[in-house]
Amino acid sequence: MNSLNKTPLITIIVPVYNTKKYLKECLETIRRQTLDRIEIILVNDGSTDGSQFICEEYKHIDNRFSVIHQQNKGLSASRNVAIDKAKGEYILFVDSDDYINIELCQMAYDYAKEKNADLVRFFYQEDTKLGIRFHSKQLTLSQDIIESDIDKLKTAYTSGAMVWKFLISRDILILNNIRFPENLIYEDMYFTTKLALSSRRMVVLHKTLYSYRIRRSSLSWASEGDAVEQCEQCCNLGIKYAKELQVSDVAIDFLSNQRDRMIANLTKRIDNKYNTEYPREVFYE
């Protein structure tokens with residue numbers, strides 16, 4: 001392919017750590033995107049299961065792929081190093097055990113340009129061992145163009161604060177110095193808050209384009225160590241940023257409520273990791 005003779009329209013960032021079982025499916029759905037002008041940055045974060053060799057394989061079969069190999073530094077550091085390397089007009093994050101609709105890039109990019117937006121929020125589905133689950137909460141996002149601070153936050157947080165729900169203008173990341181806090185888990189809580197409040201205009205694309213695989217070993221389900229403390233720390237970083245921007249009290253209250261709810265839910269999950277919403281049998285290994 002010779003699409004990199006032109007500046008890529010989208011940079012897809014894929015952190016990779018020991019996901020050999022699912023990695024090829026993920027990368028094939030990226031490689032087959034109907035939008036050709038993309039670059040894909042794979043960050044091998046010290047994999048030991050052979051994932052690193054799959055990354056190299058895709059670099060050699062498609063010149064839109066590049067690979068960064070590093071010692072294990074964690075998800076945030078992997079994403080940050082790729083942001084600094086990205087050349088695309090927009091950025092898309094994809095986790096290496098998930099997969100995406102092959103029209104995601106084309107549809108999200110076209111919608112961003114049509115609506116003059118720097119943040120496109122799309123929908124996702126959960127892939128479980130029992131089948132596909134959809135989020136009914138997504139149906140409440142009736143507005144297409146979101147411009148007020150509180151509406152941006154509500155839209156960003158609906159059905160979770162995960163960053164892979166967005167197509168993101170690279171300019172707002174660079175101009176606002178938006179990066180992931182390193183050496184912390186639940187980093188999306190801070191990043192998504194800063195992303196939403198820094199965006200000039202957010203739009204909602206009412207299409208389910210991302211498939212999130214529910215896995216037992218996923219970091220989002222980790223119960224070890226000081227997970228609650230780290231979650232609270234990331235949420236508080238977001239609240240601090242919002243206060244620095246002097247957003248409304250309503251927006252601050254919303255973020256505080258999200259923090260308290262997240263901490264309460266996480267505490268319950270740690271006490272009973274496979275709760276009634278996510279029983280043990282839905283998890284992939």
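Buried here means under 20% relative accessible area, exposed means over 50%, and partly exposed is what sits in between (1.4 Å probe, protein chains only). This is a predicted model, where local features need pLDDT of at least 70, side-chain atom pairs count only at pLDDT 80 or more, and totals for chains, interfaces and linings use all residues. Residues are numbered from 1 along each chain as its sequence is written, and side-chain values use heavy atoms, with hydrogens and water left out.

**View A. Arg64 pairs up with Asp36 in a salt bridge.** A salt bridge is a side-chain nitrogen of Lys or Arg within 4 Å of a carboxyl oxygen of Asp or Glu, and here the closest N and O atoms are 3.3 Å apart. The pair ties together distant parts of the chain, 28 residues apart: Arg64 is in the loop between α2 (51-61) and β3 (65-70), Asp36 in the loop between α1 (20-31) and β2 (38-45). Helices (H or I, at least four residues) and strands (E, at least two) are DSSP runs, numbered from the N terminus. Asp36 is partly exposed at 34% relative accessible area, while Arg64 is buried at 1%.

**View B. A salt-bridge network takes in Arg64 and Asp36.** Glu28, Arg31 and Asp62 are linked into it too.

**View C. Glu126 meets Arg133.** Their closest N and O atoms lie 3.1 Å apart. Glu126 is buried, with 2% relative accessible area; Arg133 comes out partly exposed at 29%.

**View D. Lys115 and Glu114 join side chains in a salt bridge.** The N to O distance is 3.9 Å. Glu114 is exposed at 57%, and Lys115 is partly exposed at 23%.
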